[in-house]
Amino acid sequence: MTTLKSKLQADLNAAIKGRDELRSSTLRLTIAAVQKEEVAGTQKRELSDDEVQKVIAKEAKKRREAADAFAQGGRAESAEREKAEGEVLAEYLPKQLSDDELQQIVAQAVEEAKAVGAEGPRAMGQVMKIVNPKVAGLAEGGRVAAEVKKRLAG
């Protein structure tokens, strides 16, 4: 078993023993998502820590989107629950880049793209190719794309 997956399992056991309902239900759903990913495809396989982290990131994103949807629908209690579940999952993800750090990385990538002759909104693809490896797992794709568009437009 991968170390991140075993940590999830150990934390689930601790949450169950501590009668922490929110944490235990969140970890159960996350472990189930990891197991579902392991059996997806033609053959069962063991996920690496990076792959487990991607599954956790996907689950965290689902929680954020659900919290927004519940908040817009006037269901504040459900939105709070989703936010709390997202915070539990955030503990297992690497620290996200701050806005300043992201802006610096994007600015550097835009300069690199300009050096090879790509400018304006058409350079979006080239800049994203430069930025994505640097921010993989550290910033959400939507945030990155918005920052790149802003830099290329300005």
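Guide: A nonpolar core here is a set of buried Ala, Val, Leu, Ile, Met, Phe, Trp, Tyr and Cys residues joined through side-chain atoms within 4.5 Å, and please keep in mind that this is a predicted model.

Visitor: Which residues touch the most other members of the largest nonpolar core?
Guide: In that core of 17 residues, they are Leu102, Val127, Val131, Val135, Val144, Val148 and Leu152. Helices α5, α6 (124-135) and α7 (141-153) each supply at least two of its residues, and α5 gives the most, with six. Leaving aside residues up to four places away in sequence, Val127 touches Ala109, Val110, Ala113, Val148 and Leu152. Apart from this core lies another, of 15 residues, among them Leu4, Ile31, Ala33 and Leu89.

Visitor: What makes α2 oblique to α3?
Guide: The axes of α2 (residues 21-39) and α3 (residues 49-72) come within 10 Å and cross at roughly 130°. Roughly perpendicular covers 65 to 115 degrees and roughly antiparallel begins over 145, so α2 is called oblique to α3. The crossing of α2 and α3 is right-handed, and by class their contact has six nonpolar, one polar and four charged residues.

Visitor: Why does Lys95 count as exposed?
Guide: Its relative accessibility is 69%, and exposed means over 50%, so Lys95 counts as exposed. Lys95 is found in the loop between α4 (76-90) and α5 (99-115), and its C-alpha atom is separated by 8.9 Å from that of Gly137, 42 residues apart along the chain.

Note on methods. Residues are numbered from 1 along each chain as its sequence is written. This is a predicted model: local features need pLDDT of at least 70, side-chain atom pairs count only at pLDDT 80 or more; totals for chains, interfaces and linings use all residues. Side-chain values use heavy atoms; hydrogens and water are left out. Helices (H or I, at least four residues) and strands (E, at least two) are DSSP runs, numbered from the N terminus. Buried means under 20% relative accessible area, exposed over 50%, partly exposed in between (1.4 Å probe, protein chains only). Axes are lines fitted to C-alpha atoms, for helices over the stretch in contact, and angles run from 0 to 180 degrees between N-to-C directions. Angles under 35 degrees count as roughly parallel, over 145 as roughly antiparallel, 65 to 115 as roughly perpendicular and the rest as oblique. A crossing is left-handed if the near helix is turned anticlockwise from the far one by less than a right angle, and right-handed if clockwise. Ala, Val, Leu, Ile, Met, Phe, Trp, Tyr, Cys and Pro count as nonpolar, Asp, Glu, Lys and Arg as charged, and the others, Gly among them, as polar. Contact means heavy atoms within 4.5 Å.
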